[in-house]
Amino acid sequence: MTLFDLVVRSMRKNLKHYYLYFFALILSVVLYFVFASLQHDTTVMERTAASFNMSSAFKVAGILLLFISGVFVLYANSIFLKRRSREVGLYQLIGLSKFTVTRMLVTENFLLGTGALAIGIGIGLLVSRVFLLLLMKLVGIDGVLTLSFSGAAILQTIVVFVVLLALTSLQMAFAVKRNTLLELFKVDQSGERIKKPKTVISSVLGILGMVLIGFGYWLSGHMLNSLLLYNMLAVLGSVILGTYLLFRVTIGWVLYQIRVSKNGHLGLSNSLSLAPLMHRMKANANSLTIITVLSAMTLTMLAAAYSSFYSNEKETRLVEPFDYMIEGDTTATDQFRKALDNAGIKYHASTIEALQLDGDYEKELNPMLPYKDLQIRIVSERQLSEAGLPIEIKGSNSGVFLDGGIYWMLKSVEVPLNLTLEPKRLNKTISVERFAEGNAFNMIDYTSTLVVNEELFQEIKSEYKIHEETQLNHATAFNLQNEGQLEEATGLYKDIESPGKKSDYYTQYRNTLQSSGMLIFIAGFLGLVFLISTGSILYFKQMTEAEQEKASYTTLRQLGFSVQEIMKGVIKKQVFVFGLPLAIGLLHSIFALKSASFIFMSDVTVPTVIAMSVYIAIYLIFAFLTVGYYRKTIKAAL
Amino acid sequence: MSQKTTMLEAVSIRKSFGTRGQVQQVLKGLDFRVLEGEFVGIMGPSGAGKTTLLNVLATIDRTTEGSIKINGTDISSMNNRKLSQFRRDQLGFIFQDYNLLDTLTVKENILLPISVGNVKRVVAEDRFKSIARTLGITELANKYPSEISGGQKQRTSAARALINEPSIVFADEPTGALDSKSASSLLGTLAKVNEERDVTIMMVTHDPVASSYCNRVVFLKDGTIYSELYRGEQTRQQFFQEILKVQGILGGDSVDAL
């Protein structure tokens, strides 16, 4: 019998063990290949090349994907190796040299790897169309699908996975080299001896873990100042370290206290959840921390990307309150009116007057806005409301301040706040009664706007005229009656030549849609990969644990515990194993989103909840798969 | 002894393995009875059906034919769920390789069988204390199986078998993995438990020394009862000689090989 025969035989015999690793490999290949073919697709390339941000986002995502696939495959391989260590030991025991065993494993690995590569690319070719279709839909391009057979993508995938295979082979060689025969036979019983935690140190560290997380959460809500970057790093550092301590010390400590309080009367379900968890706490702390942090990252990324996609229309409307706006130029305005009339598009147009003044706040608004003077545009509440943007004003000598670009920094400023207009000449003081979200004018320029009631506006207008030869600005706002005609009207609007500034809702909407669509696609894709990786890692680990504990289940069944009773304990353990990283990850991501919420003007609770629910739903599939595997194992145990 | 009630009664039990065409009958119509408070040893050469008999009587496996009554309950017609419940309430088990849960301490392991049920914590604690004292493992309560010796593990296993105050304890080669000193110490304890607590024990073994601790030894051969020996008033040494004699006639594993 040649070595190759042995390889084929052992692979056939070990299918049960292989399928796990094989599946992990195929999955990684498929996802990587899909991403690579999108990267090489001409349509996508044209789109992304237009925007520097998008093409770099695609590149970064590619690297991240590569990294995750690599870690995932290596991890799956290490679990796989552990499960087979007995077999490897046996080969050595019957006299195969370590070199021969390594050669055998490496041969197997390459057979598996090339198989997975071929199958993965095959599946990838089939599903990449679906992904492209999805991407096109998300960025709002309808058109013919041109995804062609991409040789470059295949080559890239092959290169990446051959390198990965080489790495896993190296990993195998090391595993064979490192382990002594004795160890190889003992792996199945491995587990830690549970020591009495040193009370003082572990309670200090345990509390420190929670304090670090708490501090990170607190800081995340107070980091919008000049040290933003350092604050972000501090938050990341303290939360990750805190999470590690939480898993490594705090939870072990709590479990130990519970166990001591039971004084031996542990009960079945605790015997099957608490005890094995404590037994593997040290080994699990690393992976649980990684999974928690990864989940938090993924959740944050997904929720943020989905929120930006979901609230695109709302956000754009806040930035561009009117469908179209033309500043100053009456000829251009008339042209546009005529063009709209000719095309039979019904609209409402209204002219708004704006006084451009210098202003002076009574104090600095925010450490990040370290100045007191500003350019401000005063407009009348009545005119705005006629144009279709009603804004409620309460006081007679006060106004509402709007500036979409810096609203996130103004939200927290205390009102009322005094504002002196034209301090040198006019020196009129009015107060800001509130800071409202969004813009009052389309993004023609980046001037802030103060909306005041009609009387005050007229008063300022006349007083100002006395002092200065006025140059009152006019802008005309257009709103279509039928939103369906926006595309057509935008075409007409673009043709109007005007020395004055123009800005419209629809163009902005399309631009944001494209970038946020691309973003949600990349985030969703990466999120899916992260999710599948973390879920599979947990599943694989639990599978191994189930195998290791099989003997215990046999004993328990012989002692007369039913499958249902044993499952109760197992489910309790899974709630911990899957639930804890998820819960902590969720909490982390909620705080992360809260601190990043300034990028959104609108409320993003709904999209966040949707994104998180989808994540949780997919994540739970892995938990159910795991529970199912345990049930099967326990049923077969007697 | 005749006033004692019957604890276990098996009537013409048969057990066959395999599918049609290739049926192998392991138990061939066996009648068997254990009285309350008896310490019965089951001996016989490999393949005689010792372990199968034990599994069948202990409700871990089912008979092909025949009926089994334990403490007045007919177990042959029970469904799996009821059987589980029955095992937990009425039976105790001691296995050759201890089968302790590595993740639990000695005390937790011992208390496991009464962890789901209506035994109050105070009662459980009392039972544990008394059994641990009898078996001499009080000091080990908070140790893990990996920290104690084989003999100590088997005592723990025995304590676990006794905690639910079973009608009958089944022991499958309990001394199989022990050195002779630990083995005799454990057997002495089992005999003591049998005598003092009046616990019924049925032990499968192929070690004549081990079975010399019993009140009665049943020899199996080819799926039927070959003979029976009562210890009566003999010393353990005398009983041991008797057992050896029968074993010689029966042809133990080693004799067969010659």
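Which helix supplies the largest share of the lining of the largest pocket? The largest share, eight residues, comes from H13(A).

## Basis

This is a predicted model, in which local features need pLDDT of at least 70 and side-chain atom pairs count only at pLDDT 80 or more, while totals for chains, interfaces and linings use all residues. Residues are numbered from 1 along each chain as its sequence is written, chains are lettered from A and ligands numbered from 1 in the order in which they are written, and side-chain values use heavy atoms, with hydrogens and water left out.

Helices (H or I, at least four residues) and strands (E, at least two) are DSSP runs, numbered from the N terminus. Residue classes are nonpolar (Ala, Val, Leu, Ile, Met, Phe, Trp, Tyr, Cys and Pro), charged (Asp, Glu, Lys and Arg) and polar (the others, Gly among them).

## Largest pocket

Spaces are found on a 1 Å grid over the protein atoms alone: a cavity is a set of points where a 1.4 Å probe fits but cannot get out, and a pocket is an open set with protein on both sides within 12 Å along at least five of seven lines. Lining residues have an atom within 4 Å of a point. Grid points are joined across faces, edges and corners, and a volume is the space filled by probe spheres set on the points.

The largest pocket holds about 1,000 Å³ of space. It is lined by 35 residues, and those closest to its centre are Met232(A), Thr300(A), Met301(A), Ala592(A) and Ala596(A). At least two lining residues each come from H4 (52-83), H9 (199-220), H10 (228-262), H13 (281-310), H20 (505-548) and H22 (563-596) of chain A. The lining divides into 29 nonpolar, six polar and no charged residues.

## Cavities

Three cavities of 30 Å³ or more are counted. The largest cavity contains about 60 Å³ of space. Around it lie Leu27(A), Ser28(A), Leu31(A), Leu65(A), Ile68(A), Ser69(A), Phe72(A), Val529(A), Ile532(A) and Ser533(A). Helix H2 (15-39), H4 and H20 of chain A give two or more residues to this lining, and H4(A) gives the most, with four residues. Seven of the lining residues are nonpolar, three are polar and none is charged.

The second largest cavity has about 40 Å³ of space. Its lining consists of Asn284(A), Ser287(A), Leu288(A), Leu538(A), Lys541(A), Gln542(A) and Val577(A).

## H13 and H23

The axes of H13(A) and helix H23 (residues 605-635) of chain A come within 8 Å and cross at roughly 135°. Axes are lines fitted to C-alpha atoms, for helices over the stretch in contact, and angles run from 0 to 180 degrees between N-to-C directions. H13(A) and H23(A) are therefore oblique to each other; angles under 35 degrees count as roughly parallel, over 145 as roughly antiparallel, 65 to 115 as roughly perpendicular and the rest as oblique.

The crossing of H13(A) past H23(A) is right-handed, a term for the near helix being turned clockwise from the far one by less than a right angle. In contact (heavy atoms within 4.5 Å) are residues including Ile291(A), Leu302(A) and Tyr306(A) of H13(A) and Val606(A), Met612(A) and Tyr619(A) of H23(A). This contact has 13 nonpolar, four polar and no charged residues.

## Other helix contacts

Helix H1 (residues 3-13) and helix H6 (residues 98-139) of chain A have axes that come within 10 Å and cross at roughly 60°. H1(A) passes H6(A) in a right-handed crossing. Among the residues in contact are Leu3(A), Phe4(A) and Met11(A) of H1(A) and Arg103(A), Glu108(A) and Leu112(A) of H6(A). The classes here are eight nonpolar, three polar and two charged residues.

The axes of H20(A) and helix H21 (residues 550-559) of chain A come within 4 Å and cross at roughly 50°, which makes H20(A) oblique to H21(A). Ala546(A), Glu547(A) and Gln548(A) of H20(A) meet Lys550(A), Ala551(A) and Tyr553(A) of H21(A). Three of these residues are nonpolar, one is polar and two are charged.
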